[in-house]
Each structure stands twice: as C-alpha cells, then as structure tokens.
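We will take a short walk, one selection at a time.

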Amino acid sequence: MSACKLSLLSVLLCTLTACSGQQRPKAATVAQKITVPTPPAVLTTPEQKAEFIATHYWDNFDFADTTLISDAGVTEQAFADFVNLLPYVPETLIEKGVDAMMSKATVDSAMYAHFVELSEKYLYDPNSPMRNEEIYIVVLQNIVANPTLDEINKIRPCYQLELALKNRVGDRATDFAYTTEKGGKAKLYSTAGDPLLLFFFRPDCPTCKEVKEYVKKNGIDKKVKIIYVNPDTDIHLDTIYDLRASPTLYLLDKDKKVILKDAPIEQIETHIKNN
C-alpha cells in the first residue's frame, strides 16, 4: 500500500474511531445509534485496524429498528463511511464485510430492501463518485442467493449481475462487430491499439460531445487508438457490455484485456500519462 493510501486510511480511521480519545464532530458523526467497534490495542497498523473495522463495522447497528431507514444521518451516512473504508482492505475481507452487512439486514425485509437501494445508489449509479462495481457484485451475489426473496424480486439483480460479470478488469473484452466512422464494418479483435479506448456514445448525448472535445483538446486521441461505437447503430451491444450511461469508456491493452472499465475520461487520461 502506498504512503498516500496509508495517510488517507489513517485519516479515515481517526474519523471513525475518534483519534486520541476525542469525540467526532457532530457534523461527521453517524449519530449515536451506531457505534463503530474500536480495534483492539494489539492491532497497531492502519491495515489491521481497517480489516477489523470492515469485518465488525455493523456489530452495533440495530437492523431490526426500522425507524433508522428514514434517518439518513444515521443509516445512509454509516453506509457511506463503510463503503469509503472498503478499498483499503483485502478483497477477501471486502466480501466478508459486505456479506455480513447484507446478512444482518435480512432480519427485516424493509431494512434489507433499504440496504439494497443504498448499495445501488452508491456503488452502481453512474453518477455516484463512490461507484464501485466490484463491491456491488458482492451485494448482487448476496441478493441472488437470498432464500427469503422470491424470483420476481431477483430478476433485476440477476440481470445486473450478469452484465457486471462481463468484461471485468483483467478479463479479455468480448469481441464484437462495429460500424467505423467511414461507414464500414470492423471487429474489435481485428483492430490494433496499445492501448485501445472503447468509446460508447450516442449522437444526441451532450456529455458525449463534451468528452469527445476533452479528448481532442488534451491530445488523448494522439496517445491511444479510439473506437467510437454507437450502440443504437450496432445493436445487441447492450447485452454484452454494461452501457448504463453515455458515454461509457473501456480502456484495453494490446491483447484486448480490460485495464479500466466504465471509467471517467480523467482517470483514463491519468493512466495513459503514468503508463
């Protein structure tokens, strides 16, 4: 873990556990109805403390108290703090922590539905700055495996999970045929590029135009091969790629493996500069 991440993690741990015995400011606190467990003194490193908190974060939250559903200052803030902590712990513990949260929420169907809603809002919504599909996959897997839900309530999560599991970072992107800017036909696997940027857009999308202008203004198109793909022209793409927003950007390496999935153009630009 980098020094920068360690520093950020230390700040977050101080916020959650009230460093030096001081009380957290009221503006940052998750009220008084949830107390984040304090790591034992034997755990001394930020990583160890983060792992403990991620695993035991919800121990003192009363999932049976449905009045907390409407109290965003408690439940939603607690959820946001929890999600902010997860990128600093090992993947195995992320799954354990998220599963623990969702399993505890099954004590009440309304509470479980609320945590499903919060998960989609923070982890899956294209406009969320905390969006994290890998964590959301864990949530979706929990929903699909939940024996208390009927099949009708699992239709949408199953569809989301099916798409989320496609073209993940590290996987080879699914091949497809597309219409070139000159009106011809080509296939992804026959298009050379190192790296290669898949730019899924719609012509009537203002944000797409803004991102295209950003690409040209900052010379990104000079450093990466770009395939502009209109899903309305090349049908069925939305069944093999998760295209919830326009534009949707995927950065691939020379072997067509996914480097960044559904990433903002600024993140892609940074990656290109650093690599």
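Select P195, which sits in the loop between strand 2 (185-187) and strand 3 (196-200). Strands (E, at least two residues) and helices (H or I, at least four) are DSSP runs, numbered from the N terminus. The model is predicted, so local features need pLDDT of at least 70 and side-chain atom pairs count only at pLDDT 80 or more, while totals for chains, interfaces and linings use all residues. Residues are numbered from 1 along each chain as its sequence is written, and side-chain values use heavy atoms, with hydrogens and water left out.

Now go to P247, in the loop between strand 4 (225-229) and strand 5 (248-252). The peptide bond from S246 to P247 is cis as well, with omega near 0°.

## Next stop: two positive phi values

Most residues other than glycine have a negative phi, and most peptide bonds are trans. Select N167, in the loop between helix 7 (155-164) and strand 1 (177-179); its phi is positive, about 55°, although N167 is not a glycine.

Then pick K256, in the loop between strand 5 and strand 6 (258-261). K256 has a positive phi near 70° and is buried at 5% relative accessibility.

## Last stop: the whole chain

Zoom out to see nine helices and six strands. Of the 275 residues in the chain, 43% are buried.

Conventions. Buried < 20%, exposed > 50% of the residue type's maximum accessible area, 1.4 Å probe, protein only.
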